[in-house]
Amino acid sequence: MPATMRALRKTQPAKGLAIASVGVPAIGPTDVLVRVRAASICGTDLHIYGWDRWSQGRIKPPVTLGHEFCGTVERTGEEVTAVKAGDFVSAEMHVNCGHCHQCRLGEAHICQNVRIIGIDQDGAFAEFVKIPASNIIKLDPSIPERYGAILDPLGNAVHTVLAGPIAGQTVLVTGCGPIGLMSIVVAKACGSSTVFATETSEQRRAMAKKMGADAVLNPASEDAVRKILVETGGTGVDVLLEMSGNPTAIQQGFKALRAGGRASLLGIPTENVPLDLVNDVIFKGATVQGIYGRRMYETWVKMLALLKAGRLNLEPLFGEREPLEKFEDAFAKLQGGLPGKILLYPDGISG
Ligand code: ZN
């Protein structure tokens, strides 16, 4: 067991990241030390790399990034019984307090005192990461490593899609970043009928088709709302899955929602978004939900069952792999609009 390891860290309050040598985390009696096999870069990591206003208010350098990963249990604290050395695992990286009002109500995913591993404390862009046993997720060995590395965003997609009825429903996904793309696959796997997707990036529209969307529209060059209304016999879609955070997309999504429909909003706008509440929510009798994180642990149970059953084909998202040291390449590709996920390998590319 080495004393030090390589980690990709925010070392200073400024743009950029750096590889640093740091101590392997010491674990307490209820912790698990995981040897990271593969990690994946999230949009949040891009924000932290760029040191935007949100990052400046939230991130306290130095901190190791990385909250999408899978790995092998290296060591466990003496009180840990859920996993043992050698187990294939991932983790829920939102660590809830267990005692706030929402935690007591069984709503740990919206805990008032949540701490996120890889944002508020050292994460998985490293050879090893320390995880509380309460948050460790044992994975079936049949789940491929590349899927194990993206369970955090896939869980966002599963939580959003399954936040209301989906079987037999028409669906609109607004915004085809990774979570939007995953939502298309999850919605189809769970029995939705027609899935529409809107996206302004040509690369992402092509990816949405590969992921199984029935109709992919470019709202920058066509009247997407009118087309969706025509295709749904004038009623609009049953379910809106808002994945963009873009004000225009949100407004168009509500216009395309049928009366009595469900709007589940996951995309995070950077400004206040004006909505026609009277016509698009109240008179429509719409159900509007904010979606944050993953339900602990209902979302994980359902997601892993869908994966084990082979129902989620996410292959188009994969392909780009880099050793941890080549992080600059990986971040540049994502900033340039690469439509899939990039996996980082702290211990060399394997599998
Ligand atoms: Zn709490």
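Author: Let's start at Thr170: apart from residues up to four places away in sequence, Thr170 is in contact with Ser193, Thr194, Gly236, Val237, Asp238 and Val239. Please keep in mind throughout that this is a predicted model. Thr170 sits in the loop that joins H5 to E11.

H5 meets H11 at an angle of about 100 degrees, and their axes are 9 Å apart. The two helices are therefore roughly perpendicular, since angles of 65 to 115 degrees fall in that class. On the H5 side, the contact is made by Leu151, Leu154, Gly155, Val158 and His159; H11 brings Thr299, Trp300, Met303, Leu304 and Leu307. Sorted by class, the residues of this contact are seven nonpolar and three polar, with no charged ones.

Two of those names come back when we turn to the nonpolar packing. The largest nonpolar core has 50 residues, and Leu154, Ile184, Leu307 and Leu314 are the ones with the most contacts inside it. Several elements supply at least two residues each, among them helix H5 (151–161), strand E11 (171–174), helix H6 (178–189), strand E14 (237–242) and helix H11 (298–308). H6 gives the largest share, with eight residues. The core also draws on both domains, taking at least three residues from domain 1 (4–150 + 314–345) and at least three from domain 2 (157–290). For a view from one of its members, look at Leu307: beyond its neighbours within four places in sequence, Leu307 is in contact with Ile143, Tyr147, Leu151, Leu154 and Leu312. There is also a second, separate core, of 45 residues, which includes Val114, Ile136, Leu334 and Leu338. As background, nonpolar side chains tend to be buried together in soluble globular proteins.

With a relative accessibility of 6%, Val185 counts as buried, because the class takes in values under 20%. Leaving out residues up to four places away, Val185 touches Met211, Leu312, Asn313 and Leu314. A further pairing to look at is Val185 with Ala213: 28 residues separate them along the chain, while their C-alpha atoms are 7.9 Å apart.

The assignment for the protein chain gives domain 1 (4–150 + 314–345) and domain 2 (157–290). Their C-alpha centres lie 29 Å apart, and the contact takes nine residues from domain 1 and 10 residues from domain 2.

Helix H1 (residues 43–50) packs on helix H12 (residues 327–335) at about 110 degrees, with the axes 11 Å apart. H1 and H12 are therefore roughly perpendicular to each other. Asp45, Leu46 and Tyr49 of H1 make the contact together with Phe327, Glu328, Phe331, Leu334 and Gln335 of H12. By class, the contact of H1 with H12 has five nonpolar residues, one polar and two charged. Leu334, in this contact, is also one of the residues in the second core.

In the loop between H1 and H2 you will find Trp51. Its phi is near 60 degrees, a positive value in a residue other than glycine. At 11% relative accessibility, Trp51 counts as buried.

The backbone has cis peptide bonds to point out as well. One runs from Pro61 to Pro62, with omega near 0 degrees, and Pro62 lies in the loop between helix H2 (53–58) and strand E4 (63–64). Another joins Met296 to Tyr297, again with omega near 0 degrees. Tyr297 belongs to the loop between strand E16 (287–290) and H11, which brings us back to the helix that packs against H5.

Definitions and conventions
Residues are numbered from 1 along each chain as its sequence is written. This is a predicted model: local features need pLDDT of at least 70, side-chain atom pairs count only at pLDDT 80 or more; totals for chains, interfaces and linings use all residues. Side-chain values use heavy atoms; hydrogens and water are left out. Axes are lines fitted to C-alpha atoms, for helices over the stretch in contact, and angles run from 0 to 180 degrees between N-to-C directions. Helices (H or I, at least four residues) and strands (E, at least two) are DSSP runs, numbered from the N terminus. Angles under 35 degrees count as roughly parallel, over 145 as roughly antiparallel, 65 to 115 as roughly perpendicular and the rest as oblique. Contact means heavy atoms within 4.5 Å. Ala, Val, Leu, Ile, Met, Phe, Trp, Tyr, Cys and Pro count as nonpolar, Asp, Glu, Lys and Arg as charged, and the others, Gly among them, as polar. A nonpolar core is a set of buried Ala, Val, Leu, Ile, Met, Phe, Trp, Tyr and Cys residues joined through side-chain atoms within 4.5 Å. Buried means under 20% relative accessible area, exposed over 50%, partly exposed in between (1.4 Å probe, protein chains only). Domain bounds come from an automatic or database domain assignment.
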